[in-house]
Amino acid sequence: MRIQAVRMQPVRYVNFARFAERFGGELQAVMSGVVASGVYVGGDELAAFESAFARFCGTAHAVGVANGTDALELTLRAWGVGPGDDVVIPANTAMPTALAVEHAGANVVLVDAEDDTGTIDVAAVRVALTPATRAIVPVHLYGHPADMDPLREIARAYGVHLLEDAAHAHGARYRGGANGRDRRCGALGDAAAFSFYPTKNLGAIGDGGCITTDNAELATRLRALRNNGLAANYDHPVLGFNSRLDPLQAAILRWKLARLDAWNARRAELAERYANGLAGVAQLSLPVVRSWATSVWHAYPIRVRATAQSGVRDALARALLDDGIETNVHYRTPIHLQSCYAGRWQRGDFPVSERRAATMLSLPLDPFHTDDEIDRVIDALRRYVAAL
Ligand SMILES: *Cc1c(COP(=O)(O)O)cnc(C)c1O
């Protein structure tokens, strides 16, 4: 009887309700502390989170901002990237990567993805460079780092900025540096933009974002840009923005940051459970992890083989949903096929991204899912895929 009842529960894509049940009391205490402090913008809580997050990433500075899109845009603006400049981004990403470039006034240059990891194709980046290129923005998609060493070589050789879109990659690691220790995403370019949107691996109770960098001058410029351009002596040397990270969110984020490695480890456990449970299913391709990467599994992106049409994937997603299993697609429409860009690019321009968009399916993955829930997803998938 009891097992029956449990089986009826839906498997959420992410499980905020379970998080709230478990940690709501502790979070209320954190929030009460901020209320009692009487400091509601800036202040010690923000500074404490920024230094904790910089330490976590292994950078000298972290600058909190209102969201991840702003983190990207303000960094481009702080570098003076704008009209007449090209910025190279992957076609296989979320719209905010492109929007940040657009809102900075620069020109979006798209490149295709690697077929297996889905991250930016480094060879295609080389081809896309022009004399107008000022920045490259690789995305550590699904929590798997982009291949940063060759990208850094390209950026150095051409004198362009390298900005990580690390919205999926809080805590992910890339191959060892000079001292042989793996480095975290956020410390692999000239700067990195993080989002703390609630569904991200480190998520706020609302919106938030942050830039990490070793460059003190960039950090100072960003601190002014996020705060109306305010510098010393009430002077505003640049036209800035209101893009601040609230101390309330900063306090929650600092509380969560202390637990992030454990939650990411749980994500990795569940990813391994999927990998074992779905091994040998001929119709599915499972996510690939490079030998030099430690993914933080923001998503578990499988692909439905033997089709370039989205119909089979969508039928599979519908069947799972009828079974109470929520899934997601990252991303259903690549940047170049978004209708806001109608006429600028064509279907067929970035075939790998298009194929992934039609065939990929992100399975439920949340540190608070139970092993049984993952097994239920595996069983249902095996059943439906056999009928494809
Ligand atoms: C979430 C996300 C962003 C933007 O973050 P917001 O905080 O929602 O502005 C940027 N890039 C990628 C890849 C994302 O997934």
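The side chains of Thr93 and Thr97 are joined by a polar contact of 2.8 Å, a polar contact being a pair of N or O atoms within 3.5 Å of which, within protein, one must be able to donate a hydrogen and the other to accept it, with residues adjacent in sequence counted only if both atoms are side-chain atoms. The model is predicted, so that local features need pLDDT of at least 70 and side-chain atom pairs count only at pLDDT 80 or more, while totals for chains, interfaces and linings use all residues. Residues are numbered from 1 along each chain as its sequence is written, and side-chain values use heavy atoms, leaving out hydrogens and water.

Thr93 lies in the loop between β2 (86–90) and α5 (95–103), helices (H or I, at least four residues) and strands (E, at least two) being DSSP runs numbered from the N terminus. Thr93 counts as buried because its relative accessibility is 3%, where buried means under 20% relative accessible area, exposed over 50% and partly exposed in between (1.4 Å probe, protein chains only). Not counting residues up to four places away in sequence, Thr93 touches Val139, Leu141, Tyr331 and Ile335, contact meaning heavy atoms within 4.5 Å.

In helix α3, the buried residues include Leu46, Phe49 and Phe53, and the buried residues of α3 pack against elements including β1 (61–65) and α8 (216–225).
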